[in-house]
Amino acid sequence: TDFIDAYRPDMPGCLIVDLSMPGMSGMDLLQNLRSRNIQIPTLIVSGTGTIPMVVEGMKMGVVDFLEKPADPTVLLQKVRAALELDNRQRTQAAELEPITRKLASLTSRERQLLKLLVRGLSSKQVAAELNISVKTVENHRANLMQKTGALNAADLTRMAMLVDQVPTG
């Protein structure tokens with residue numbers, strides 16, 4: 001709980017937890033962090049881990065599990081790898097932030113239009129789907145392109161997929 005209270009998302013790092021800790025287990029801590037969308041790279045060191053716990057941890061994004069007693073050299077290598085992962089995630093988030101901000105500024109109608117355009121629908125098909133005129137679709141599309149800075153529909157699709165704003169299937 002002290003870590004949760006003191007955590008600052010702007011601070012790079014990684015987390016090393018044990019499955020058995022006083023007050024809150026390592027898995028409970030991880031679930032708590034993930035529920036808050038905190039994706040800090042995490043290593044679990046434990047002498048009591050089971051295969052189901054390992055599977056659950058991997059589903060929650062645990063970088064690695066180490067069995068106690070952990071070899072200090074191996075632990076240090078794993079920490080370095082987790083810190084490199086944190087750095088890559090922070091760099092990627094910083095690169096995506098402007099796109100995310102632009103897409104967040106869209107109106108609900110523009111978001112509807114975006115989803116239909118990403119699916120590959122033509123303006124005529126979008127108009128039929130939304131029960132509006134083709135001219136209205138073209139006006140919304142122009143606003144959408146201007147707000148996002150997209151050069152064309154392919155660029156708009158790339159932006160949307162980068163920040164998971166639309167389903168890819």
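This is a predicted model: local features need pLDDT of at least 70, side-chain atom pairs count only at pLDDT 80 or more; totals for chains, interfaces and linings use all residues.
The strands form an open sheet of 3 strands in the order 1-2-3, with parallel pairing, two strands being paired if DSSP finds at least two bridges between them. Strand 1 (15–17) and strand 3 (62–67) each have a single partner strand and stand at the edges, so one side of each is left without a neighbour in the sheet. From one strand to the next the twist averages 20°, with axes taken as lines fitted to C-alpha atoms (for helices over the stretch in contact) and angles running from 0 to 180 degrees between N-to-C directions. Strand 1 is joined to strand 2 by 3 bridges, and in this pair Ile-16 stands opposite Leu-43. Strand 2 (residues 42–46) is in turn joined to strand 3 by 5 bridges, with Thr-42 opposite Val-62.

Strand 2 is mostly covered, 5 of its 5 residues being buried, where buried means under 20% relative accessible area, exposed over 50%, and partly exposed in between (1.4 Å probe, protein chains only). Thr-42, Ile-44 and Ser-46 point one way from this strand, whereas Leu-43 and Val-45 point the other way. Helix 4 (residues 72–104) lies across strand 1, strand 2 and strand 3, and runs at about 175° to strand 3. Helix 2 (residues 26–35) is likewise mostly covered, with 7 of its 10 residues buried, among them Gly-26, Met-27, Leu-29 and Arg-34. The buried residues of helix 2 pack against helix 1 (2–6), strand 1, strand 2, helix 3 (51–59) and strand 3, contact meaning heavy atoms within 4.5 Å.

The largest pocket holds about 340 Å³ of space. A pocket is defined on a 1 Å grid over the protein atoms alone as an open set of points with protein on both sides within 12 Å along at least five of seven lines, and lining residues have an atom within 4 Å of a point. The lining includes Tyr-7, Pro-9, Asn-37, Ile-38, Asp-86, Arg-90 and Leu-96, and its residues divide into 6 nonpolar, 4 polar and 2 charged.

Backbone geometry gives further local features. Most residues other than glycine have a negative phi, and most peptide bonds are trans. Asn-37, which also belongs to the pocket lining, counts as exposed because its relative accessibility is 59%. Asn-131 likewise has a positive phi of about 60° although it is not a glycine; Asn-131 lies in the loop between helix 6 (123–130) and helix 7 (134–148) and, at 71% relative accessibility, counts as exposed. The peptide bond from Lys-68 to Pro-69 is cis, with omega near -10°, and Pro-69 is placed in the loop between strand 3 and helix 4.

Note on methods:
Residues are numbered from 1 along each chain as its sequence is written. Side-chain values use heavy atoms; hydrogens and water are left out. Helices (H or I, at least four residues) and strands (E, at least two) are DSSP runs, numbered from the N terminus. On a 1 Å grid over the protein atoms alone, a cavity is a set of points where a 1.4 Å probe fits but cannot get out, and a pocket is an open set with protein on both sides within 12 Å along at least five of seven lines; lining residues have an atom within 4 Å of a point. Grid points are joined across faces, edges and corners, and a volume is the space filled by probe spheres set on the points. Ala, Val, Leu, Ile, Met, Phe, Trp, Tyr, Cys and Pro count as nonpolar, Asp, Glu, Lys and Arg as charged, and the others, Gly among them, as polar.
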